[in-house]
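Here are my notes for anyone opening this entry for the first time. Have a look at the picture, then read the points in order.

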Amino acid sequence: MQGMMPYGSGYMGGGGIPALIALAVGYIVCLLANKEKGKLRKAGYVIGIAIIAMSSIIILSKALWIAKKCINRCPIRGSMMPMQPAPMSPRN
């Protein structure tokens, strides 16, 4: 089992943790832009929202990648019995 990372420990490390930090930085940029006026305020919002959008896309794609990996490695996948209808009991 050497070389395999358990779910949750290493999967967010390759792009997930920096994306979470970038999400926080984008929020801080938007907060700081709120204190400015005119074109600087608009530029700050554009930059902050762009950072937030890119990091959100990275986080969502990483989460979908992890979900796909977990589904493909599910130990009980395909071994579950199909659902059977419940037997009907006669009513009195």
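The points below go from the whole chain down to single residues.

1. Before anything else, keep in mind that this is a predicted model. As for the overall makeup, the chain has two helices and zero strands, so helix 1 (residues 16–34) and helix 2 (residues 39–72) are the elements to look for.

2. How much of the chain is buried? Of its 92 residues, 14% are.

3. Take the contacts between residues at least 6 apart in sequence: 63% of them join residues at least 24 apart.

4. Now for helix 1. With 19 residues at 1.5 Å a residue, helix 1 should span 27 Å, and this agrees with its end C-alpha atoms, which are 27 Å apart.

5. Which residues of helix 1 are buried? They are Gly 16, Ala 19, Gly 26, Cys 30 and Ala 33. Because they cover an arc of only 90° around the axis, these residues lie on the same side of helix 1.

6. Over in helix 2, have a look at Ser 55. Is Ser 55 buried or exposed? With a relative accessibility of 2%, Ser 55 falls under the 20% cut-off and so counts as buried. Leaving aside residues up to four places away in sequence, Ser 55 touches Ala 19, Ala 22 and Leu 23. Ala 19 is itself among the buried residues of helix 1.

7. Ile 58 also has its place in helix 2. Its relative accessible area is 40%, which makes Ile 58 partly exposed. How far is Ile 58 from Gly 16 in sequence and in space? The two are 42 residues apart along the sequence, while their C-alpha atoms are 7.2 Å apart. Gly 16, for its part, is one of the buried residues of helix 1.

Definitions and conventions:
Residues numbered from 1 in each chain as written. Predicted model: local features only at pLDDT ≥ 70, side-chain atom pairs only at ≥ 80, totals over all residues. Heavy atoms only, no water. Helix = DSSP H or I, 4+ residues; strand = E, 2+ residues; numbered from the N terminus. Expected span 1.5 Å × (residues − 1). Buried < 20%, exposed > 50% of the residue type's maximum accessible area, 1.4 Å probe, protein only. Arc of directions from axis to C-beta. Contact = heavy atoms within 4.5 Å.
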